[in-house]
Amino acid sequence: MSTLSIVVPARNEEKYIEKIVQRVSVVSFPCEYELIFVEGHSKDKTVDEIRRVTEEYRNKMNIRYATQDGVGKADAIWKGFSIANNDILMILDADLTVQPEDLPKFYQAAAIGSDIFVNGSRLVYPMEKGAMRPLNYLGNKFFAVLLGVITRQKMTDTLCGTKVVYRSQFQKIKDSGLIEKLSDPFCDFSLILGAKKFGLKIVEVPVAYKK
């Protein structure tokens, strides 16, 4: 059974940290897992809250944390991936727009095999009112079509924050130099195009997107 590392990039998300821990802790995964917060030089007390909950919940779940070296979401993700111990790498945005209760669906899709890359889609189910601005919605549609053409696979959403890749496959993407070439600030294009480059099967998992 493949083990799981859930990486949470968190900048100025103080109010969500304990909620993430509480909700992930009651989700059922059929494997050993760790929760990794990567703090992004927050202006609020996010880092203090991460330290507090790590200590408070240390006997209930495996929580680790680090501070990213650079700036931007992608930098935080790469930091989390670099310190992860487990087989499968999963991203969860700290703002909880994607629900922790949906994560087992992503794990089940990835558990089929290491040649799978899992991409969340917020544009299949009706989303909560106000969850996405109209211009952002159109932008997401545009990039879905564009990346669909490039990957030769129909995609409904390329910018959903929740994505899953095997650590072994991510290492190939990293070693290829693709991350440096793209300079992708959010990591979405680097992972999707990396999955295409190495022949991974891209599987979409629909999620109910929250405000």
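The largest nonpolar core of this predicted model holds 42 residues, and L4, I6, I20, F29 and F37 have the most contacts inside it. A nonpolar core here is a set of buried Ala, Val, Leu, Ile, Met, Phe, Trp, Tyr and Cys residues joined through side-chain atoms within 4.5 Å; buried means under 20% relative accessible area, exposed over 50%, and partly exposed in between, with a 1.4 Å probe and protein chains only. Two or more residues come from each of β1 (4-10), α1 (17-25), β2 (33-39), α2 (46-56), β4 (88-91), α4 (103-110), β5 (116-121) and β6 (163-166). The top contributor is α4, which gives 5 residues. Helices (H or I, at least four residues) and strands (E, at least two) are DSSP runs, numbered from the N terminus. As background, nonpolar side chains tend to be buried together in soluble globular proteins.

Leaving aside residues up to four places away in sequence, F37 touches V8, I17, I20, V21, I50, I63, R64, Y65 and A66, where contact means heavy atoms within 4.5 Å. Another core, of 25 residues, lies apart from the largest one and has L89, I91, F170 and C187 among its members.

Back to α4: 6 of its 8 residues are buried, so this helix is largely enclosed by the rest of the structure. The buried ones are L103, P104, F106, Y107, A109 and A110. They pack against β1, β4, β5, β6 and β7 (201-206).

I91, from the 25-residue core, sits in strand β4. With a relative accessibility of 0%, I91 counts as buried. Residues up to four places away in sequence aside, the contacts of I91 are V7, P9, I77, F81, G161, T162, K163, C187 and L191. From I91 to T54 there are 37 residues in sequence and 18 Å in space, C-alpha to C-alpha.

Most residues other than glycine have a negative phi. N12, which is not a glycine, has a positive phi of about 55 degrees; N12 is found in the loop between β1 and α1 and, at 30% relative accessibility, counts as partly exposed. S183, also not a glycine, has a positive phi of about 50 degrees. The loop between α7 (178-182) and α8 (188-197) holds S183, which is exposed with a relative accessible area of 58%.

Zooming out, the chain has 8 helices and 7 strands. Its radius of gyration, 16 Å, is close to the 17 Å that the globule rule gives for 211 residues, so the chain is as compact as a globular protein of that length; the radius is taken over C-alpha atoms, and the rule is 2.2 Å times the number of residues to the power 0.38. The C-alpha trace spans about 45 × 40 × 35 Å along its principal axes. Of the 211 residues, 53% are buried. Among contacts between residues at least 6 apart in sequence, 78% join residues at least 24 apart.

Because the model is predicted, local features need pLDDT of at least 70 and side-chain atom pairs count only at pLDDT 80 or more, while totals for chains, interfaces and linings use all residues.

Technical notes: Residues numbered from 1 in each chain as written. Heavy atoms only, no water.
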